[in-house]
Amino acid sequence: MRKILFILAMVVSLSASVASAQERCDRHHGGRRGYEHRDRHHRSPYLVSENKVYFDGREIKGASASNFTILRDGYAKDTWNVYYCGAKMNGASSNSFKVLGYGYAKDTWNVYYEGSKIEGASSDSFDVLSDWYAKDTWNVYFDGKKINGASPDSFKVLRDGYAKDAWNVYFDAIKIEGASPDSFKVLRDGYAKDTWNTYYFGRKID
């Protein structure tokens, strides 16, 4: 019984440690709806010291301290590799890598969100909008995921999570059924309205 309790305690401790590291990484770029307005005194979890590179207190094996560059939103790079929250991003090009904001980044060939490749996204035409929305020639994205059916040509970010295109209105990328894009207006504190209805955080108020 004691052995089982010991094993359970070790698992809980390890899980807490991993979660804590991820939370610190999230705090580095502020987490969702925050890291674009970071406290200017916030300290990066990356450290370059004595020919070694660390993230969150752990050494990044193989990272080159002599040319290691700390970027933003959890990204960093050296001559050969790109890193997100201390983990190497396989296939990312250090020479052409650029951080775009809101967790997005790209190199010559690919687009990334929070360190993961966005399949099918066009690096050449990819453009970060605001409030975690982005688009390329063919698609609109939110939190790194494609918004099915959204029109990049007419897509416009409003504020407070609201956005619209020529045919639909969205809140955090979820289509608001029945909302009129022509008359839709964002009010404040999550409220919005169109000609016929009032909405609160994307939900129609009865």
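## Nonpolar surface patch

Leu187, Tyr191 and Ile205 make a nonpolar surface patch of about 230 Å² in this predicted model. Patches are made of residues with over 30% relative accessible area and no salt bridge; like charges are joined within 9 Å, and nonpolar side chains (Val, Leu, Ile, Met, Phe, Trp, Tyr) within 5 Å. Accessible areas come from the Shrake-Rupley method with a 1.4 Å probe, and for residues only the protein chains shown count as cover. A salt bridge is a side-chain nitrogen of Lys or Arg within 4 Å of a carboxyl oxygen of Asp or Glu.

Tyrosine 191 is in strand β21 (residues 191-193). Helices (H or I, at least four residues) and strands (E, at least two) are DSSP runs, numbered from the N terminus. At 36% relative accessibility, tyrosine 191 counts as partly exposed. The classes are buried under 20% relative accessible area, exposed over 50%, and partly exposed in between (1.4 Å probe, protein chains only).

## Basis and confidence of the model

Residues are numbered from 1 along each chain as its sequence is written. This is a predicted model, in which local features need pLDDT of at least 70 and side-chain atom pairs count only at pLDDT 80 or more, while totals for chains, interfaces and linings use all residues; side-chain values use heavy atoms, with hydrogens and water left out.

The chain has an average pLDDT of 86, and 80% of the residues score at least 70. pLDDT is the predictor's confidence in each residue, from 0 to 100. Over residues 2-24 the pLDDT stays under 50, and the model has four contacts beyond four places in sequence for this stretch. Residues 27-41 also have a pLDDT below 50, with 41 contacts in the model beyond near neighbours in sequence. Contact means heavy atoms within 4.5 Å. Where pLDDT is low, the predicted coordinates should not be read in detail.

## Aromatic pairs and cluster

The whole structure has 19 aromatic pairs. Rings of Phe, Tyr and Trp (its six-membered ring) pair if their centres lie within 6.5 Å; planes under 30 degrees apart count as stacked, over 60 as edge-to-face and the rest as tilted. For tyrosine 104 and phenylalanine 126 the ring centres are 5.5 Å apart and the planes are at 50°, so this pair is tilted. Tyrosine 104 lies in strand β9 (residues 104-106) and phenylalanine 126 in the loop between β11 (116-117) and β12, so the pair ties together parts that are 22 residues apart in sequence. Both tyrosine 104 and phenylalanine 126 are buried.

Tyrosine 191 of the surface patch also belongs to an aromatic cluster, formed with Tyr162, Phe171, Phe184, Tyr199, Tyr200 and Phe201.

## Surroundings of tyrosine 113

Tyrosine 113 is in strand β10 (residues 111-113) and is buried, with a relative accessible area of 10%. Not counting residues up to four places away in sequence, tyrosine 113 touches Tyr75, Tyr102, Gly103, Tyr104, Ile118, Trp132, Asp143 and Gly144. Glycine 144 is 31 residues from tyrosine 113 in sequence, and the C-alpha to C-alpha distance is 5.3 Å.

## Positive phi angles

Most residues other than glycine have a negative phi, and most peptide bonds are trans. Tryptophan 132, one of the residues that tyrosine 113 touches, has a positive phi, near 75°. Tryptophan 132 is in the loop between β12 (127-128) and β13 (133-135) and is buried, at 4% relative accessible area.

Aspartate 160 also has a positive phi, near 55°. The loop between β16 (156-157) and β17 (162-164) holds aspartate 160, which is partly exposed at 34% relative accessibility.

## Salt bridges

The count of salt bridges is five. Lys52, Glu59 and Lys61 are linked in a network. Within it, lysine 52 and glutamate 59 meet at 4.0 Å, N to O, and glutamate 59 and lysine 61 at 3.3 Å, N to O. Lysine 52 is partly exposed, with a relative accessible area of 37%, and glutamate 59 is partly exposed at 31%. Lysine 61 is exposed, at 68%.

Another salt bridge joins the side chains of glutamate 177 and lysine 175 (4.0 Å, N to O). Glutamate 177 is exposed at 62% relative accessibility, whereas lysine 175 is partly exposed at 38%.
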